[in-house]
Amino acid sequence: MKQSFKLLICLLALLPPTLATKAQMKIFGLPIYVSFEAGYSDQLRHGPQTSNTHIQGMRLASLAELGLPLGIRLHTGAIYNSTYSHKTQGYYKNAYVYSNSFGHSINVPLYAGYEVPLFGDFSLFGFAGPTLAIGLSEHRLTHTVNMSKEVIDKIKKSGYSFNYTAGKKELYSAKELKNLNWMLSAGGGIRFRNYYVKSGYDFGLTNINAAGKQHISQSGWYVLGGFRLTF
């Protein structure tokens, strides 16, 4: 946990050097914006040979945005995710696996966007681009019922990827999940003066399964509210 928050602080600390360039950018008449956001995310970890895991959480972000001519915007920054998931899996002969997971991650986006005025102080904006998701930690607590050797052997023969070990495990240090996940992101929203709401979707491109050959990806949507400062 301490290492997770240290990395978060380091990533957020990258923003001041970016903002320090505002004096140079002002020479060219290019505005710089800093945004602070908070909201909700709903992700899905899935694959053709594994059961779905719904992951819900809180999303906090600090973003820097460079305004270019013709309404074009470039965005980058740090997005912190705190997530939770609960999962119940039923198997052969009334065998069950119950698991709860708690995770922390950082997303580093690189978006290109566009903003157009609507009426009054309202404007509409959209954005798209790659995002690198960095898994910091994910702890899973598992409880099993009637998970006998016969049941385990039968499920293994099916080629289905599943967890059947009771107890607590850190999924990154145990090499069950990969820390890095490249995603393609897109979204949009509406702005009123310096306040805005937006929603988007992160589509997972890479296999995050570190424990086997089965392909597992993670994607999801989010909705956020934010406030923008202009420099």
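A cavity is a set of points, on a 1 Å grid over the protein atoms alone, where a 1.4 Å probe fits but cannot get out; its lining residues have an atom within 4 Å of a point. The structure is a predicted model, in which local features need pLDDT of at least 70, side-chain atom pairs count only at pLDDT 80 or more, and totals for chains, interfaces and linings use all residues. Residues are numbered from 1 along each chain as its sequence is written, and side-chain values use heavy atoms, with hydrogens and water left out.

The search of the whole structure found 3 cavities of 30 Å³ or more, a volume being the space filled by probe spheres set on the points, which are joined across faces, edges and corners. The largest cavity holds about 250 Å³ of space. Its lining comprises 23 residues, and Gln43, Ser105, Ala133, Tyr172 and Gln218 lie nearest its centre. Strands E1 (32–47), E3 (72–91), E4 (95–117), E5 (122–145) and E7 each give two or more residues to this lining; strands are DSSP runs of at least two E residues, numbered from the N terminus. The largest share, 5 residues, comes from E5.

The second largest cavity has a volume of about 110 Å³. Among the residues that line the second largest cavity are Glu37, His75, Phe125, Arg191 and Lys198. Strand E2 gives the largest share of this lining, 3 residues.

Trp221 is located in strand E9. Trp221 counts as partly exposed because its relative accessibility is 37%, which falls between the limits for buried (under 20% relative accessible area) and exposed (over 50%), with a 1.4 Å probe and protein chains only.

Methods. Helices (H or I, at least four residues) and strands (E, at least two) are DSSP runs, numbered from the N terminus. On a 1 Å grid over the protein atoms alone, a cavity is a set of points where a 1.4 Å probe fits but cannot get out, and a pocket is an open set with protein on both sides within 12 Å along at least five of seven lines; lining residues have an atom within 4 Å of a point.
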